[in-house]
Amino acid sequence: LARASALAAPYVAGVDLNCGCPQSWACAETLGAALMGRRELVRDMVVETRARLAADGWAVGKERHVESPRGRSVSVKIRVHDDLRRTVDFLDAVVGHPQDRLVDWITIHPRTRSTPSTTPIRTEALEILTSRYAGTLPILLSGDVFDLSSLPFKPSTPGLSTLTVEEDGLPASNAPPTPGNTNLAGFMSARGLLANPALFAGAPSCPWHALETFMCNAARCPLPLKLAVHHVSEMCGPGMGADKTALLPKRDRIRLAELGTMMELVDFLDQKLEEHTGRKGGMRRDL
Ligand SMILES: Cc1cc2nc3c(=O)[nH]c(=O)nc-3n(C[C@H](O)[C@H](O)[C@H](O)COP(=O)(O)O)c2cc1C
């Protein structure tokens with residue numbers, strides 16, 4: 001990890017060790033979720049990585065170096081264990097001393113290694129872990145973040161939270177959960193963001209603007225056709241949130257897979273955008 005991080009450091013803002021990947025090939029190599037059973041190893045990996053980045057001249061002083069152009073973070077993403085005491089032991093080892101912690105932040109995916117992603121996240125585990133560690137370091141949530149207006153948990157109750165705010169005159173218990181009124185510092189999204197890259201801009205489903213931006217980027221920095229079509233199909237489908245608005249109906253999404261070249265894809269989307277929005281001239285080329 002330390003060597004890989006040193007190679008990546010010039011091109012990234014930080015490195016995050018994923019101790020959550022449940023795929024069998026990863027676990028067989030003691031990677032991903034298998035690392036949740038190896039807390040000393042994970043602690044040693046982050047210590048070694050921070051030391052290597054510091055030796056290479058990167059600024060790894062956490063909050064002290066937030067504004068530094070050479071600032072780099074070292075963070076860890078976890079799943080939970082069935083017995084939450086094991087997760088607490090893991091975090092105690094990997095976070096280290098609260099006054100001189102070993103990681104910049106942690107991301108919690110509140111499912112166990114064997115929980116399918118169709119099962120809702122374990123909000124009670126999240127609540128327990130955030131109330132224990134949020135005073136020590138920033139905590140991000142990963143899992144079922146599909147729409148910012150309907151997040152998969154409630155704002156913290158006053159008894160448990162370190163931060164409870166009133167928004168727009170609403171009592172905190174009725175306000176939507178945000179990093180401001182929970183013990184969470186932020187959200188990570190995978191499936192939701194794949195289907196709706198405008199999720200963090202507050203859009204409840206993918207807008208044409210996001211698709212047009214993606215296509216402009218794909219033109220500037222070409223992707224293999226199959227990969228571009230995969231992303232476009234995800235963006236044009238009904239998405240993961242409660243709002244099931246789809247940019248294209250199913251028959252058009254099936255057509256996507258039959259397109260043979262990037263130019264055919266551009267022509268197809270130009271035509272569909274005109275059809276569905278009534279706007280002339282196809283997709284914007286200036287995003
Ligand atoms: C296509 C895809 C790629 C992912 N890649 C990563 C990754 O590189 N690192 C990581 O920590 N988790 C990765 N994950 C796992 C997610 O971060 C996340 O923990 C899990 O999918 C549940 O969150 P979601 O409901 O937002 O999808 C990936 C998930 C998907 C679907």
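How far apart are the end C-alpha atoms over residues 1–151, and what share of the chain there is helix and strand? The end C-alpha atoms lie 33 Å apart, with 34% helix and 14% strand over that stretch; helices (H or I, at least four residues) and strands (E, at least two) are DSSP runs, numbered from the N terminus. This is a predicted model, in which local features need pLDDT of at least 70 and side-chain atom pairs count only at pLDDT 80 or more, while totals for chains, interfaces and linings use all residues. Residues are numbered from 1 along each chain as its sequence is written, and side-chain values use heavy atoms, leaving out hydrogens and water.

**Annotation and domains**
- The unreviewed UniProt entry places "domain: DUS-like FMN-binding" on residues 1–151; such annotations may be inferred rather than shown by experiment.
- An automatic or database domain assignment gives domain 1 (2–188) and domain 2 (200–277).
- The C-alpha centres of domain 1 and domain 2 are 31 Å apart.
- Their contact (heavy atoms within 4.5 Å) takes 4 residues from domain 1 and 5 residues from domain 2.

**The interface**
- About 510 Å² is buried between domain 1 and domain 2, with carbon and sulfur atoms giving 72%; this is accessible area (1.4 Å probe) lost on putting the two parts together, summed over both.
- F146, D147 and L148 lose the most area in domain 1, together 80% of what that side buries.
- Between domain 1 and domain 2 there are 0 salt bridges (a side-chain nitrogen of Lys or Arg within 4 Å of a carboxyl oxygen of Asp or Glu).
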